[in-house]
Amino acid sequence: MEVDILIKNAYIVTMNSESSIYEFGTLAILGNTIVAIGKSEDIEYFTSSNEIDAMGSLVMPGLINAHTHAAMSIYKGMADDLNLHEWLHKYIFPAEAKFCNADTVSTGSQLAIMEMIRFGTTCFADMYYFQEKTAEICFLLGMRAVLGQAILDFPAPDFKSSNDALLHTEMLMQKYNNSQLVTIVPGPHSPYTCNKETLIQSRQLANKYNVPLHIHISETMLEYEESIKNNEKTPIEYCDDLDLFNGKTIAAHCVYINDNDRSILKNKKVGVVNNAISNMKLCSGVAPVYFMKEAGVTVGIGTDGVVSNNTLDIFEEMKTVAMVHKLNTNDPTALNAKTVVEMATIENAKILGLDSQIGSLEVGKKADLILINLNQPHLIPLYNIYSHIVYAIKGGDVDTVIINGEIVMLNKTVQYSEALDVAIDAQLIANEVKEYMETVNAS
Ligand SMILES: [Zn+2]
């Protein structure tokens, strides 16, 4: 039988429910779907004009970034080493107010998506403005994404009111949600930037189209304390009382939670996304990831926006997640390597509501996968592949990336990228941003 892509002799890590590994494995792709996977000796009946001899290479599910703000790549390195309040109010908000528009979102999204592909990410969950621009770049570069259109109660760069944002979100959902790669979802920014009505309408819109809602919750101690002061409830209790978790939820952060919050997150099947590097860089705190997982909460991994990270490298994030939660629990057995790989693949897929399609390499699932040459000094010898994935492999080690059955990066070259003048555009915008920020902060 002829297939579109045939990968042979690979070290295949499937991340399926049996944790199957094939040391000399074959994987066959027809269209956008995996049609066979197993030991090479058992799968000899396929041929392809596009055959990849992956001897010495790891093949694993593409990584998923479950919370980011892709277009913010345009501000990478603009403001570091500041406290959250100063960072947001003196830099991020003024820069976005002046420079966030359809063109800069397009440029920032190109940079972010090229970087994510370069580092082995094959799907991301976003929250930002002008999501139709990010969607266009996903189609151009072949990236899969769940794009949360930001909804706020105060005037945002794209919409003056939450009502306008909600109407536009529904229009985008109707336009894109039957596509192969892009799902648009409501992205109410947080319980403290959206009023009750906006939160409830966002949930109703998500449920009408059976997609997740993407929100930040309980990121900082200040948010937690203000919620208790103003509502006599934690941010999670407040959202639960509004029935906000009555459907799929991508909940970024959840750094400050009590025992009751943990029960709510478990019982309402809220998908929590840990952003360990961002939380450390802004000194927001350390989320109790180990204890949430022990309690049965689904917890995944995201980078958050590049401005608080400053890369979109899920390999770097996996290593950090493993390290920080060991240190935080004073227990080196907490979050072992395999658990962390699950968080960045199949658990993230569950959080995005896409686990029937992606997150593991199985017959019938979409062909979203990456290849990495294991024949390099830092990856020799091999005792435990999960150990290498979390502790030794770097994003830059990724050689080839396949998304939805299409080769989007081959031997470290992102396809289609030559056609984009993104580097020049990005630096021209950055020069203007720098000049503007100097005048703003001098006055
Ligand atoms: Zn965020």
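**Close-up views of a predicted model**

**View 1. Helices α11 and α12 are oblique to each other.** Oblique covers the angles left over when those under 35 degrees count as roughly parallel, over 145 as roughly antiparallel and 65 to 115 as roughly perpendicular. In this predicted model, local features need pLDDT of at least 70 and side-chain atom pairs pLDDT 80 or more, while totals for chains, interfaces and linings use all residues. Residues are numbered from 1 along each chain as its sequence is written. Helix α11 spans residues 314-329 and helix α12 residues 337-351; helices are DSSP runs (H or I, at least four residues), as are strands (E, at least two), numbered from the N terminus. The two helices pack at an angle of about 135°, and their axes are 10 Å apart (lines fitted to C-alpha atoms over the stretch in contact; angles run from 0 to 180 degrees between N-to-C directions).

**View 2. Residues of α11 meet residues of α12.** On α11 these are Ile314, Met318, Val321 and Ala322. Their partners on α12 are Ala337, Val340, Val341, Met343 and Ala344. Contact means C-beta atoms, placed from the backbone, within 7 Å. By class, this contact has 9 nonpolar, no polar and no charged residues (nonpolar: Ala, Val, Leu, Ile, Met, Phe, Trp, Tyr, Cys and Pro; charged: Asp, Glu, Lys and Arg; polar: the others, Gly among them).

**View 3. Domain 1 touches domain 2.** Domain 1 covers 5-62 + 368-418 and domain 2 covers 69-351, with bounds from an automatic or database domain assignment. Contacts join 24 residues of domain 1 to 28 residues of domain 2. On the domain 1 side, α13 (385-392), β15 (398-403) and β16 (406-410) each supply at least two residues. The largest share, 5 residues, comes from α13. That side of domain 1 has 15 nonpolar, 6 polar and 3 charged residues. The C-alpha centres of the two domains lie 29 Å apart.

Key: Two residues are in contact if their C-beta atoms, placed from the backbone, lie within 7 Å.
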